[in-house]
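Q: I am new to this structure and would like to look at its pockets and its backbone. Could we go through them together?

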Amino acid sequence: MTQIKPFLSDNAAPVHPKVWEAMRAADSADNPYDGDALSAQLDERFTDLFGRECAGIWTATGTSANCMALATMCQPHGGVVCHEEAHIEVDEGGAPGFYLHGAKLIHAQGEGAKLTAQGIAAVIDPIRDDVHQVQPHAISLTQASEYGCSYTKSELADLAAFAKARGLGLHMDGARFANSAAFLAKSAGQSAADAARHAAGDVDSLAFGFIKNGGMGAEAIVLFDPEQAAMVKYRRKRAGHLQCKGRYLAAQILAMLDGDLWLSNARHSNAAAQEIASGCGARLMHPVEANELFVRLSPAEREALRAQNFAFYDWGDDAARFVAAWDTRAQDAAALGKAIASL
């Protein structure tokens, strides 16, 4: 059989062996729900990583992580500002409205699917301060963005200052947070802790993604105001996400944090993406600042690549998206780069 070279999504990648090992090690009796010894370690581990007091709460999906975090800062009558192509808008099936009991998503624009203070101001400044219009309560940004672009330290600082000045909560969808941290730390020689702090900035909450990066079924809600943790835990139970054997979710997260596996895996997938990018030239639609590439390709060119057993998603009528993963083989990335260059 001809082997498919997979670049569909990092969601399709297998579970890292160390995560399986950690789950096997957790396979003994302990307290149910989040009362086990492993879940009890999360607050301290995330506090050490980010260098400021925070609470770490496991959940099973990135969608639930985003929505439960946003629910701490946006009331049902309020609104969350996000990029018009943010995941919470285009790929979460209305879940934010469901979890936030009708709160509105307010769309802003920005290059590379990134928000700016100016872009946010352009959409919220015209909103009248009265009960007849939805008032903004929070901002949600995505690190890395839907186009694989990473917010720099200065960009995050600008957004944090803007949010504070306007009295808005600041949330980060970090489904590919590790990839941004790895990208931003690459030239600076930073430690894992420094990379995490650099990539998170001064957000109020973070949905820290692990599943795309080698996990099986666990994401973390990181709250930089630990007093919000109790509210999120009630919301988690009400939403049906309080798993009775939570130690298996905690085990996955701790395994990814141990030895900075989360950053090592992201470095590998980023490097594979850069290898592919070396063959794309002017076809690239956006800078490659994580593990995704958006490449201009005609229908005939896409079929030519599929005939060589490359698997990927079409992106509109004239482009494709390629995603490298923690297990992407170096030879497959090199072959894809060469195949694109030869079109």
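Predicted model: local features only at pLDDT ≥ 70, side-chain atom pairs only at ≥ 80, totals over all residues.

Q: Which helix gives the largest share of the lining of the largest pocket?
A: That share, three residues, comes from α3. Both α3 (62–70) and β7 (205–208) supply at least two residues of this lining.

Q: And what volume does the largest pocket have?
A: Its volume is about 440 Å³. Among the 26 residues lining this pocket, Asn11, His87, Ala175, Arg176 and Lys212 are the closest to its centre.

Q: How does that lining divide into nonpolar, polar and charged residues?
A: The lining of the largest pocket has seven nonpolar, 10 polar and nine charged residues.

Q: What about the second largest pocket, what is its volume?
A: The second largest pocket has about 240 Å³. It is lined by 17 residues, of which Pro6, Phe7, Ala13, Asp327 and Thr328 lie closest to the centre. By class, 10 are nonpolar, three polar and four charged.

Q: Changing topic to the backbone: where is there a cis peptide bond?
A: The cis bond joins Gln143 and Ala144, with omega about 0 degrees. Ala144 sits in the loop between β5 (135–142) and α7 (153–166).

Q: Why point that out?
A: Because most peptide bonds are trans, and most residues other than glycine have a negative phi.

Q: What is phi for Ala113, and is that residue buried or exposed?
A: Phi of Ala113 is positive, near 65 degrees. Ala113 lies in the loop between β4 and α6 (117–124), and it counts as buried because its relative accessibility is 6%, under the 20% cut-off.

Methods
Residues numbered from 1 in each chain as written. Heavy atoms only, no water. 1 Å grid on protein atoms, 1.4 Å probe; cavity = no way out; pocket = protein on both sides within 12 Å on 5 of 7 lines; lining within 4 Å. Points joined across faces, edges and corners; volume = space filled by probe spheres on them. Helix = DSSP H or I, 4+ residues; strand = E, 2+ residues; numbered from the N terminus. Nonpolar A, V, L, I, M, F, W, Y, C, P; charged D, E, K, R; others polar. Buried < 20%, exposed > 50% of the residue type's maximum accessible area, 1.4 Å probe, protein only.
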